[in-house]
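Hi,

Here is the structure I promised to pass on. Have a look first, and my notes on it follow below.

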Amino acid sequence: LIYIGEFGFPPLVPDCKGNKGDNLIFLPFQVLIIAHVTAGMVNLTRHEKEKYFLTATGEKELFPSLHDPHSRELSVVIPAYNEELRMPVMLDEAMEYLENRQKQHPSFTYEVIVVDDGSKDKTTEVAMRYSRKYGAEKFRVLTLVRNRGKGGAVRMGTMSSRGRVILMADADGATKFADIDKVEAGINDLNPKPENMAISCGSRAHLEQESVAQRSMFRTFLMYGFHFLVWFFCVRGIKDTQCGFKLFTREAALKTFSSLHVERWAFDVELLYIAQCFKIPIAEVAVNWTEIEGSKLVPFWSWLQMGRDLVFIRLRYFTGAWSLQSSNKTD
């Protein structure tokens, strides 16, 4: 067995001549072993409190399952962690769009699911105001007992949704909600038949040159380094894997989220990696995007964590620590 150092890296032990360099030859194998033995399995279980949502009258009702047939045209899943200040602007815009669309097309049905990812502020209370205003048939709040990370929150909300198609949207409102028309067009252009598998990803790639001009050289280096790691280890053909505005057919959501392991920032990459392994068609559609103050992403450390996760995603599938399987039932 190879000894793993205090911080998860194998030590470079000097040989009899005091040289450490020769041990670098074994470093890739040591990283491979670390990736394999530290791999966590997909956890679809939920706390008893996470199985229910509150109605406008305060009664508890059981969340449905993604395994059930759809009963709404659209589900909107919004992960939120300490978003009591930023979220109302996004929710006002989303609900105005959805209500107007329903007035114009009475057959259109929808639901919004805000997933409070173990927030320490009043995110749940703010979201519940909308549930009381619009009713629990249109607006539901799923409060997680502990913080899982954005990927875990999105998965929990998705597994509780009723939509024929399911939109993942960030709580900060960085992407204009009306751009759902664009990602819907992307799904339709893919013509997801006969298995109805398709994913349409909002993309900020067309804004990259403008953003590079406004960023420091160091942040630009981190961004391009991350793009390279995504391309080299996991996903090819998608320029922007991280935009938090993605639309899934119900069948594609079940296939991908049931196999998802990563619950933090790099979950989008694993999700698209899984989709490409299953040969699910993916569209990439340009959307409007504005940087909103208050991001939870810490530039250096978050990018470092995502880079590590990208390497480990590929290695864990390579070694068989993780495997792709048919859709699992939730507990």
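Strand β7 (residues 199-203) and strand β8 (residues 245-249) run antiparallel, with three bridges joining them. If you want a spot to look at there, C201 stands opposite K246 in β8. Bear in mind that this is a predicted model.

Those two strands belong to an open sheet of seven, in the order β5-β4-β3-β6-β8-β7-β9, and the pairing is mixed. At the edges sit β5 (139-143) and β9 (282-286), each pairing on one side only. On average, neighbouring strands in this sheet are turned by 20° against each other, ignoring direction.

Now for the helices. Helix α2 (residues 87-104) packs on the sheet and touches β3 (72-80), β4 (110-116), β5 and β6 (163-169). The direction of α2 makes about 165° with that of β4. Helix α3 (residues 123-134) packs on the sheet too, touching β3, β4 and β5, and its direction makes about 160° with that of β5.

How do α2 and α3 pack, and at what angle? Their axes are 11 Å apart and the angle is about 20°. Since angles under 35 degrees count as roughly parallel, that makes α2 roughly parallel to α3. The crossing of α2 past α3 is right-handed.

As for who meets whom, α2 brings M87, P88, L91, D92, M95 and E99, while α3 brings T123, V126, A127, Y130 and Y134. Sorted by type, the residues of this contact are eight nonpolar, one polar and two charged.

Cheers

Notes: Residues are numbered from 1 along each chain as its sequence is written. This is a predicted model: local features need pLDDT of at least 70, side-chain atom pairs count only at pLDDT 80 or more; totals for chains, interfaces and linings use all residues. Side-chain values use heavy atoms; hydrogens and water are left out. Two strands pair if DSSP finds at least two bridges between them. Helices (H or I, at least four residues) and strands (E, at least two) are DSSP runs, numbered from the N terminus. Axes are lines fitted to C-alpha atoms, for helices over the stretch in contact, and angles run from 0 to 180 degrees between N-to-C directions. Contact means heavy atoms within 4.5 Å. Angles under 35 degrees count as roughly parallel, over 145 as roughly antiparallel, 65 to 115 as roughly perpendicular and the rest as oblique. A crossing is left-handed if the near helix is turned anticlockwise from the far one by less than a right angle, and right-handed if clockwise. Ala, Val, Leu, Ile, Met, Phe, Trp, Tyr, Cys and Pro count as nonpolar, Asp, Glu, Lys and Arg as charged, and the others, Gly among them, as polar.
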